[in-house]
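Here are some exercises to work through with the structure open beside you. Try each one yourself before reading the solution.

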Amino acid sequence: MANDPDVVVIGAGFAGLYAIHRLRERGLSVHGLEAAEGVGGTWYWNRYPGARCDSESYYYCYAFSRELEQEWDWSERYPGQAEILSYLEHVADRFDLRRDISFSTTVVSAAHDGDRWVIDTEDGGRWTCRWLVTAVGCLSSANVPDIPGLEPFAGEWHHTGQWPHEGVDVAGRRVGVVGTGSTGIQAIPVLAESAGHLTVFQRTANFSIPARNAPLAPEEAAGYKADYAAIRELQQASTNGHPFVVSDVDTLALPDDERRALLERAWERGGLRFRAAVRDVLTDPAVNEEASDFLRSKIHETVDDATTAEALTPRDHPFATKRPPIDTGYFETYNRADVSLVDVRADPIAAITPRGVRLESGTEHPLDVLVFATGFDALSGPLLRLGIRGTGGQSLADAWAEGATTYLGLGVAGFPDLFTITGPGSPSVLTNMPTSIEQHVDWIADLVVHLRDHDLEAEPTPEAQARWAEHVREAADATLLPQAASSWYLGANVPGKPRVFLPYAGGFARYREMCDAEAAAGYPGFALRARQRAA
Ligand code: FAD
Ligand code: NAP
């Protein structure tokens with residue numbers, strides 16, 4: 001029936017594309033609704049200078065198709081935004097996904113009417129379906145700080161997650177960047193190359209590890225292709241969905257010189273592998289302090305001016321308790337005469353003026369272009385923006401007033417037949433996301449097929465959800481992760497957002513086993529009910 005498929009999938013990034021493919025393959029009719037004009041999600045929106053992935057190319061991709069793995073050639077260790085977008089466009093074409101997606105279509109509400117989901121879009125469209133699958137991403141709601149005066153700013157301003165497709169001309173201009181998370185750390189060195197002057201407004205100094213990006217040599221790429229079976233196995237058995245074996249070396253038991261040599265080797269190899277090279281780095285404060293200190297010393301070795309180096313040195317959170325950025329020439333950028341660092345923790349931004357940024361001290365920094373690399377209302381934000389209402393008209397916003405809770409990150413009590421890919425409470429952002437996404441989609445597809453075959457509807461039981469929320473909290477508390485007070489993992493970057501540790505920190509492999517056990521036991525954490533068809 002027109003506008004009434006079995007399943008509506010919201011979003012057409014890595015998650016939405018695979019969900020459409022998989023559910024179609026399982027014999028369901030599916031339609032995708034996507035706000036953007038094209039596929040790609042993160043890689044459609046984040047076109048800021050320097051945007052590229054931190055997962056390595058050979059595994060920042062789908063694993064579901066052996067043919068796709070073999071036919072796609074990555075050019076670099078970490079591909080840039082345009083290349084990842086081309087890959088996702090290729091996937092959409094290869095699996096003929098676009099025919100089932102409406103683009104430029106933003107969902108503004110989704111209400112369960114007792115039998116079906118009724119979904120309204122900004123352009124006045126309406127869709128109905130039995131199962132609603134959200135693939136809206138964890139990092140897709142741009143967080144632009146509510147600083148007074150943005151409206152009359154005479155220059156141009158942009159959030160990195162909504163970067164203009166035609167690019168932004170920064171050549172010779174006075175550019176300001178607010179934010180030194182993964183995005184700011186990628187964008188700052190590239191912006192500095194062409195800006196007349198670059199001013200970085202830093203609130204929290206960050207650790208960063210050199211990415212050591214390089215072209216992917218043909219023999220290296222061929223090696224990965226030949227090895228994919230083993231690579232995928234490693235990913236499935238890992239904590240973070242990356243194909244790295246976490247070191248089993250007890251670093252603290254090593255003599256000082258060997259410990260330093262181990263960290264130096266990891267530093268030279270670069271990238272997120274650094275974290276895997278240090279056993280217990282996220283659970284043992286002494287191990288973490290050793291690694292943190294090593295990274296701090298690298299900042300002081302790299303940055304010429306001692307005061308700037310110290311301002312760039314993180315001292316308020318242990319390494320990797322905030323998502324660790326990786327960079328290409330980040331700290332080196334501060335040795336340029338045309339780059340300055342402003343500590344906005346010491347002297348916060350008071351207002352944007354027509355000329356630029358004014359600090360509480362009254363100092364004004366005149367700017368032509370202001371870049372907000374200020375992150376996202378992560379995990380729960382994109383879901384709350386959907387205006388979801390479940391049984392009895394209860395809104396998701398009310399259900400999550402004290403913080404987002406789900407069962408397995410995949411469903412919410414009171415919201416029947418709603419499935420949330422990489423929802424809060426799933427390992428999502430703590431993993432290589434395509435790996436988690438495929439596992440979630442496969443699991444959801446199995447459940448939907450089970451519901452279809454038995455004419456059932458499903459929602460998590462409140463008890464299972466409460467147990468899962470407790471487990472998510474315990475898993476985070478077993479690590480050092482909650483020690484980063486300003487982390488978006490905790491919702492701390494968005495004023496007024498409840499402080500709840502959002503992703504599941506218990507590890508991907510463990511999570512996958514729990515999901516498998518749930519399915520094998522006949523979904524005991526879900527209330528499965530015979531469908532109540534509307535008369
Ligand atoms: P997204 O790609 O965010 O797609 C969600 C889609 O839903 C978007 O297209 C959006 O327009 C759409 N949508 C949202 N709300 C609505 C609505 N109301 N109506 C209609 N459509 C809607 N992860 C890694 O594992 N490794 C990396 O190296 C890595 N690098 C990253 C770099 C950047 C700059 C960013 C921002 C994130 C990065 N991530 C990385 C995380 C990244 O988000 C995921 O890897 C992955 O791309 C998420 O795919 P997704 O389909 O779940 O969500
Ligand atoms: P982020 O990590 O949340 O960083 C935002 C930055 O903006 C922080 O430095 C933050 O400071 C600052 N900020 C926010 N509001 C501010 C305000 N009002 N005044 C001053 N400073 C403010 O966001 P992000 O850098 O976009 O990264 C988000 C996530 O996206 C990453 O952690 C990662 O998961 C993903 N990502 C990945 C890649 C990659 O893999 N290649 C690249 C980019 C992004 P505080 O720290 O003090 O809050």
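Predicted model: local features only at pLDDT ≥ 70, side-chain atom pairs only at ≥ 80, totals over all residues.

**Exercise 1. A pair with another geometry**

Take Phe-274 and Phe-319: what kind of aromatic pair do they form, and which parts does the pair tie together?

*Solution.* Step 1: the centre-to-centre distance is 5.6 Å and the planes stand at 90°. With the threshold for edge-to-face at over 60 degrees, the pair of Phe-274 and Phe-319 is edge-to-face.

Step 1: find the two residues. Phe-274 sits in helix H9 (residues 273-277), while Phe-319 is in the loop between helix H11 (306-311) and strand S12 (326-327), so the pair ties together parts that are 45 residues apart in sequence.

Step 2: check burial. Phe-274 has 0% relative accessibility and counts as buried, and Phe-319, at 1%, counts as buried as well.

**Exercise 2. Zooming out on the aromatics**

How many aromatic pairs are there by this rule, and which residues form one aromatic cluster with Phe-14?

*Solution.* Step 1: the count comes to 33 aromatic pairs.

Step 1: follow the rings on from Phe-14. One aromatic cluster includes Phe-14, Tyr-18, Trp-43, Tyr-60 and Tyr-62.

Step 2: now look for a charge over a ring. The charged end of Arg-47 sits over the ring of Tyr-44, 4.9 Å from the ring centre.

**Exercise 3. What holds ligand 1?**

Describe the surroundings of ligand 1, starting from the closest residues.

*Solution.* Step 1: list the neighbours. Ligand 1 is surrounded by 32 residues, and the closest are Glu-34, Thr-42, Asp-54, Tyr-60 and Met-433.

Step 1: sort them by class. The shell around ligand 1 has 18 nonpolar, 12 polar and 2 charged residues.

Step 2: From Trp-45, a side-chain N or O atom lies 3.0 Å from an oxygen atom of ligand 1.

Step 3: ask about cover. On its own, ligand 1 exposes 980 Å², and the protein buries 93% of that.

Step 4: assign the shell to elements. Those giving two or more residues are helix H1 (14-25), helix H2 (42-45) and helix H15 (433-454). The largest share, 3 residues, comes from H2.

**Exercise 4. Over to ligand 2**

Which residues come nearest to ligand 2, and how much of ligand 2 does the protein cover?

*Solution.* Step 1: of the 24 residues around ligand 2, Arg-52, Asp-54, Thr-183, Thr-204 and Lys-322 come nearest.

Step 1: by class, this shell holds 8 nonpolar, 10 polar and 6 charged residues.

Step 2: look at its oxygen atoms. One is 2.9 Å from a polar backbone atom of Thr-180, and the side chain of Trp-488 has an N or O atom 3.0 Å from an oxygen of ligand 2.

Step 3: the protein covers 88% of the 900 Å² of accessible area that ligand 2 has on its own.

Step 4: helix H5 (residues 182-194) gives the most to the shell around ligand 2, with 3 residues.

**Exercise 5. Positive phi**

Are Asp-96 and Ser-428 buried or partly exposed?

*Solution.* Step 1: most residues other than glycine have a negative phi. Asp-96, not a glycine, has a positive phi of about 50°, and Ser-428, also not a glycine, has one of about 20°.

Step 1: Asp-96 lies in the loop between H4 and strand S3 (101-102), and Ser-428 in the loop between strand S19 (418-420) and H15.

Step 2: Asp-96 is partly exposed at 39% relative accessible area, whereas Ser-428, at 0%, counts as buried.

Terms used. Residues numbered from 1 in each chain as written. Chains lettered and ligands numbered in written order. Heavy atoms only, no water. Near = heavy atom within 4 Å. Polar contact = N/O pair within 3.5 Å; in protein donor to acceptor, adjacent residues only side chain to side chain. Areas by Shrake-Rupley, 256 points an atom, 1.4 Å probe, with all protein chains shown as cover. Helix = DSSP H or I, 4+ residues; strand = E, 2+ residues; numbered from the N terminus. Nonpolar A, V, L, I, M, F, W, Y, C, P; charged D, E, K, R; others polar. Phe/Tyr/Trp six-rings, centres within 6.5 Å; stacked < 30°, edge-to-face > 60°. Buried < 20%, exposed > 50% of the residue type's maximum accessible area, 1.4 Å probe, protein only. Lys NZ or Arg CZ within 6 Å of the ring centre and 35° of its normal.
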